[in-house]
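Hi everyone, thanks for coming. Please take a moment to look at the picture and the sequence, and then I'll walk you through them.

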Number of protein chains: 2
Amino acid sequence: MCPDFPGVGIHLYLDNYGAFMMAEIDLNEMEKVLQAMGEKAVIASRELAKMSTEEKNNCLLAMADAIEAECDYIKTENQKDLKAGEANGLSSAMLDRLKLTDDRIKAMADGLRHVTTLNDPVGNILTTLTRPNGLIIEKVSVPIGVIGIVYESRPNVTIDAAGLCLKAGNAVILRGGKEAINSNMSLAHCINHSGAIPEGAIQLIPWTDREAVGKLLKMDNYIDLIIPRGGEGLIKAVVSQSTIPVIKHYKGICTMFVDAQCDQKLAVDIVINAKCQRPGVCNAIENLLIHEDVADEFAPKIAKALLSENVQIKGDEKFCSLVSESIPASENDWYEEYLDLILSVKIVKNVSEAVEFINTYGSRHSDAILTNNKKNAEQFLAEVDSSTVYVNASTRFTDGGEFGMGAEIGISTDKLHARGPMGLPELTTYKYIVRGNGQIR
Amino acid sequence: MCPDFPGVGIHLYLDNYGAFMMAEIDLNEMEKVLQAMGEKAVIASRELAKMSTEEKNNCLLAMADAIEAECDYIKTENQKDLKAGEANGLSSAMLDRLKLTDDRIKAMADGLRHVTTLNDPVGNILTTLTRPNGLIIEKVSVPIGVIGIVYESRPNVTIDAAGLCLKAGNAVILRGGKEAINSNMSLAHCINHSGAIPEGAIQLIPWTDREAVGKLLKMDNYIDLIIPRGGEGLIKAVVSQSTIPVIKHYKGICTMFVDAQCDQKLAVDIVINAKCQRPGVCNAIENLLIHEDVADEFAPKIAKALLSENVQIKGDEKFCSLVSESIPASENDWYEEYLDLILSVKIVKNVSEAVEFINTYGSRHSDAILTNNKKNAEQFLAEVDSSTVYVNASTRFTDGGEFGMGAEIGISTDKLHARGPMGLPELTTYKYIVRGNGQIR
């Protein structure tokens, strides 16, 4: 099988995209192709905005069928990425994330089928107002338009993001990482040849050069929103270059505060869950705060539980004096997103100090207080400036699925437009529809 | 009277700020002061977020009293700006916008008092969800945090923006234009010495150098949102430099489409209102489209009415052939925001061509169809990609007051976070508050 570049409008037949992409593209030519992609995306977005829920669902089903039918082709292309990754010394964890198996391809297809079961976020009347002059003003949800997704190595983002954007009526321009370029190209090719989706609705940038993303981020005449998904370096680079609005999905430095009055047995369970159930995700905790009144009692208990889960503990001076197995935490540790079985622990005087700590060192993601003191709980919930604040539960629930959204495109650490888990409604905007019978001012 | 710099934390006593600001500030020193302002704003924003509605309203009332009490001082400072403006050759229209009189100062104070009557947008529970595992998830409106307003010459923005930001619980950093610097400084001084507002809640940048705004726009560690208010040049400069999310209040290229089936008498009234009632504002129309089936009949009628209002008409070839008084429109005219008694007119084949025209040349602000054809109305409302779309009413209603918001900080032409008129609720974001009783994953 020898695909053309999906949706780009130029037809290049190549054995190996990588070689072409890294070496042979002229920057002026790239600029022209990107502009053409932008133009196509805008036209497609107008088509998508008009589509019924059923039409959009049919697209999603056809996309799912297409990637399942082309499973072998996708795996062959994925092998090229895995080989290149090995040659370039990617870690085994990264290679595993990159790898596409029959099961994983089926999971992507099933993900698309699941999106068909979710409510259409477009066309909802959010408010209606009749003004004294008789004007009827409706605020109605509409697609955002064209969304650019800039992401790193996992190829499943190609399918997940494309499916969610399409269901919300948006055209999408995808820009994946170079490690997964062959996998991403094969996936984009399959869904674009599923025979169902409008031309230009889902396009993948076929170059992994930095220049391509730089140019993409200035295309504010075509693109309405950029969502970067990846590490801190990627996100900072996107924010500093983009003239298009960006919703950041930044790191998760989540903190749990164990208050003086609290069920300590429950607290041990929740802390262990928040740290250990899946340490590599953004809603796992990185910092633990313990009220000084219960530190003597709680510190050894939680240390024992953490150590039995192989968690390395970094403590402040006081904690280290209570738990000999812990090593001293530096100032930088409080800012650190370990994404690993490491936890920094600090003893604090009260809930106000806990709040201050979180607002200083946290990343505005998810933070929790474990307490039976209602006043402290309310102070914590009100004063911690994060997307999601918990009392007596694990931070691991900050997730579109757990919030009942059905699916998520990510977890926003920004405050504008969308905060916390972003589902389909967060991929829409609104417009005002005003009906009159001759009103003038 | 000899004020210090409001809220900055340094105390400089000067006869004339202008001289100091333009010449004597060292860039490193400026950077330090701006960072200190940012830090203060964040601390103030935490105080403001905790304030009750009554406390915030008391601040607003004290601010109103303060500017009325210091009316003479403000006028004296305003005179400096007017003198400098005259010397620098500002137009009489610009000088008029700059001028502060007793009545205008009272109007600003009354504006602040009016904001006290509006609903507090903070602390509203937007949705509540109980999950199968017993978690109760509330989505609650909260202040955004710190907002930077970058604006041009009209000094009333200083007071209006400060009042609205404060009522929504946000700290604000104001950066006005150099033409109004003495007026703005005097206003900021008065409200900061009203004895009511938290230190750092309302700060004005005391430098009008470009470097100051450049540095401000990179302070993403302190500032959550930038709202630029001014001309196209200002907005483009802000967008290209800012690493902070920006909500653009861009130009208004609004279009009205007169369909074949419509009450032509009503259409004349609405077109005249939308063009002539206040041609210098962003919701006035700049383009008129007429359905070809009624062009022969409607063109002379509307031309007569427009000419009697001294409107200069620029027409496409067909319109010019029907109306001898019109002059030919160039391609650039369709993109033009005249803000004046000038109107471009084009004859189109149908509603689809009208939609295409608006989505090509418009600025996504406000557009209207005048029709008795329900199908065409619905197509227009659905397909025009603008913040506000009208059927059978003047575009002049795109306004916070007319939408029942009570006040507006501007009209967003962006699609993210806020679209169309931005009132107090649009100056808030939300957070998720999750209450559990030990839930883990």
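**A sheet, its helices and a pair of chains**

Let's start in chain B, where four strands make an open sheet in the order β5-β4-β3-β6, with parallel pairing. Two strands pair if DSSP finds at least two bridges between them.

Before going on, two notes on what you are seeing. This is a predicted model, in which local features need pLDDT of at least 70, side-chain atom pairs count only at pLDDT 80 or more, and totals for chains, interfaces and linings use all residues. Residues are numbered from 1 along each chain as its sequence is written, while chains are lettered from A and ligands numbered from 1 in the order in which they are written.

Find V146(B), and opposite it in β4(B) you will see A171(B).

Now, which helix lies across β3, β4 and β5 of chain B? That is α2 (residues 27–50) of chain B, running at about 145° to β4(B). Helix α7 (residues 156–167) of chain B packs on the sheet too, touching β3, β4, β5 and β6 of chain B, and its direction makes about 165° with that of β4(B). Contact means that the C-beta atoms of two residues, placed from the backbone, lie within 7 Å.

Let's stay with α2(B). Its 24 residues reach 35 Å from first C-alpha to last, close to the 34 Å expected at 1.5 Å a residue; the expected span is 1.5 Å times one less than the number of residues. Among its buried residues are V33(B), L34(B), M37(B) and L48(B). Buried means 20 or more other C-beta atoms within 10 Å of the residue's own, exposed means 12 or fewer, and partly exposed is in between, with C-beta atoms placed from the backbone. The cover over the buried residues of α2(B) includes β2 (136–143), β3, α7, β4, β5 and α9 (210–216) of chain B.

For contrast, turn to chain A. Strand β1 (residues 125–130) of chain A has six residues and zero of them buried, so it lies largely in the open. Five bridges join β1(A) to β2 (residues 136–143) of chain A, and the two run antiparallel.

Finally, how do the chains meet? The contact takes 52 residues from chain B and 52 residues from chain A. On the side of chain B that touches chain A, β16(B) gives the most, with 11 residues. Five bridges join β13 (residues 388–393) of chain A to β16(B), running parallel, and V389(A) stands opposite I433(B).

A rotation of 180° with 0.0 Å of shift along its axis superposes chain B on chain A (RMSD 0.0 Å). The two copies are thus related as by a two-fold rotation axis, with superposition by least squares on the C-alpha atoms of residues with pLDDT of at least 70 in both.

Notes: Axes are lines fitted to C-alpha atoms, for helices over the stretch in contact, and angles run from 0 to 180 degrees between N-to-C directions.
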